Amino acid sequence: MIQKYRFGTPFPTESVVKELEITAGTLPYLTVSEGDSLSFSYRMDADDAVYGLGQNVRGINKRGWLYRSKNCDEPSHTEEKNSLYATHNFLIVSGKHRTFGLFLDYSGIVSFDVGYTHLDTLVITPEDGNLDLYLIEEDSLLAIVKSFRGLIGKSYIPPKWAFGLSQSRWGYASEQDVREVARRYHENHLPLDSICLDIDYMERYKDFTVNQETFPDLPKLADDLKKEGIRLVPIIDAGVKIEEGYDVYEEGVREGYFCKRADGSNFVAGVWPGRVHFPDFLQPKARKWFGEKYQRLIDQGIEGFWNDMNEPSIFYSEEHLNEVFDEIDELKKQELDIDSFFHFQSIVSGINNNESDYRRFYHNVNGKMVRHDAIHNLYGYNMTRAAGESFLTRYPDKRLLIYSRSSCIGMHRYAGIWCGDNNSWWSHILLALQMMPSLNMVGILFCGSDIGGFLMNTTEDLSLRWHALGVFTPLMRNHSSRGTREQEPYQFDNIEMFRRVISVRYALLPYLYSEFMKAARNDGMYAMPLSFIYPEDPLACDVEDQMMIGESIMIAPVYRQNAAGRAVYLPERMKLYRFRGAESVTSEILEAGMHYLPVALDEVIFFVRPNHLVPCCKGADCVADLDESTLSLLGFVETEASYTLYHDDGFSREYDNPANFTTLTLSADGTKTASDDRITLL
């Protein structure tokens, strides 16, 4: 059951697709304060857990920290941070006495004090009093998620090739660099399905352009790679370069599609290309205009994109930069003591993404000028929505890949995300794992982190362990920054180890894709905390470094440096599978309880629940080459197990076609009762 409560006059975020009547009367459970500012508080029991808030730092249970919903370009994902790139104002309070979900449909900044100020108190404080609040009550955590997802709409589904390995790096500066990546992958028999192009491919960082000197024939490059099973996935940034003769800039100025200053002139900021204007994605006409520009690259053979810098990230505004220069001129006249030196440092380090800059420009919303900071969290969502709406209009029967850095609830209908500029730290393997269920809760199923870490220098063992987690993330992308150690798998000594780990992804793809599709179609979760499946088991509810993947599998990745294995808690009797490559599989049954398990660097382990099945196939060099005409079934069958396999062409949008489903059933003696000749029991 969902109840909707309205406070003030909310801005229409368009996050919700199912309109509900506003509930009259008092909001239950929460104490509502409407004094100087609106806030909601809830007294938590000692053992209450709080789940949700989408992409954020810290663990699965968000209790014990102060979070701030404000999309920001934050490359340092450390525990003291309060915000990252996205805003997902949905949480679930889970307790023995009361369990409920809360969603704040609100465009502004929200503070979530989850037992930070007072250990036993949740306090939610929006910047102003204009919002819709939804209270969701169901009989389980998964039912609350399903109910919420029904409210906000179906999740984006990418083409099937997007579930293969993607290789990316800021620094693939030419066609030769890209061809070299493909060649090295193939000559080392490493599977690969896509190569991402960072800002290097553009002509002086201008959106929808290609540098003709370094990429002289992008259509031929795209076609040649596609014949090898590899797609190109270029980046698109939010800022449009100010340059006479650049048609995107000139069209945007002529039609009034850019964000304005208070005086009506176009707002100027600095990003990668230098001086830019920001498209006003809150205008439907501007959204349509920008979305249609992706066709320029589609016409050159491109079938996927990633949107970046769309919080939006601001290196500087002209106004604030001049203010800083003036202040530095004053400081130059004096001897810098400790206070003035620290002040100098703060004004220089505070140039980029300065809070004041987000108050300097405006959007045209139905003829009314709305200051950006009031709707800041909607910007990245609407940039990606521009592409998603255009793709659906132009290609109603074909899926295109798109994922974004910035998002809020609602964008999940148009794209996936990657989790931004992480670091080559062991702790970020764990962070990547823990973000997945919170993102799934808000409908973002196609997600993943930069494998190996984007910033800093990775190590071979870190990269191997991260790829082992990446086997199970829908987006499996290795990405790194210019100036860091090159971290493509073939850059390391033990290429065979990487080959073994990556090949497991392709072998398990029938199961992983099937579980993703079922979660997307049925408003379910692909990645779930153990507490969602075993809510009565206090130890399972306490585990935050293991995860359920779909209905059958539990994973427990290794994420500590030099660890030869790890401790694993089994809530019930399970079968452990060990893969050392797609062709080398062993298994054993383990009883419920704690176990220490050795895990080699080139090994992928997972657990199968009793009376559950996992379909798999032989590996391949790309998704298109997978032979799913013959499947093997991994399984732990004590009596009888049944599995509904989803298998489609990977390109069309006919998600509900009955021909895409096969029900597979096995009895304890291995007898098949499904009318499917593809199946063998492994």
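Two strands are said to pair if DSSP finds at least two bridges between them, and strands (E, at least two residues) and helices (H or I, at least four) are DSSP runs, numbered from the N terminus. The model shown in these views is predicted, so that local features need pLDDT of at least 70 and side-chain atom pairs count only at pLDDT 80 or more, while totals for chains, interfaces and linings use all residues. Residues are numbered from 1 along each chain as its sequence is written, and side-chain values use heavy atoms, with hydrogens and water left out.

**View A. An open sheet with antiparallel pairing.** The sheet has 4 strands, in the order S15-S17-S16-S19. Its edge strands, S15 (240–241) and S19 (316–317), each pair on one side only. Strand S16 (residues 269–271) is joined to strand S17 (residues 274–277) in the antiparallel sense by 3 bridges, and Gly-270 has Arg-275 in S17 as its bridge partner.

View B. Glu-175, Val-178, Val-181, Ala-182 and Tyr-185 are buried in H2, buried meaning under 20% relative accessible area with a 1.4 Å probe, protein chains only. Seen down the axis of H2, the buried residues fall within an arc of 130°, so they line one face of the helix; the arc is that of the directions from the helix axis to the C-beta atoms. An α-helix has 3.6 residues a turn, so residues three or four places apart point the same way. The buried residues of H2 pack against strand S12 (166–167), strand S13 (194–197), helix H3 (218–227) and strand S14 (231–237), with contact taken as heavy atoms within 4.5 Å. After H2 comes His-189, with a positive phi near 55°.

View C. A search of the whole structure finds 0 disulfides, a disulfide being a pair of cysteine sulfur atoms within 2.5 Å. Cys-408 is in no disulfide, and the nearest cysteine sulfur, that of Cys-72, is 14 Å away; Cys-408 is buried, at a relative accessible area of 5%. For Cys-447, the closest cysteine sulfur is that of Cys-419, which at 5.8 Å is too far for a bond, and Cys-447 is buried at 1% relative accessibility.

Notes:
Buried means under 20% relative accessible area, exposed over 50%, partly exposed in between (1.4 Å probe, protein chains only).
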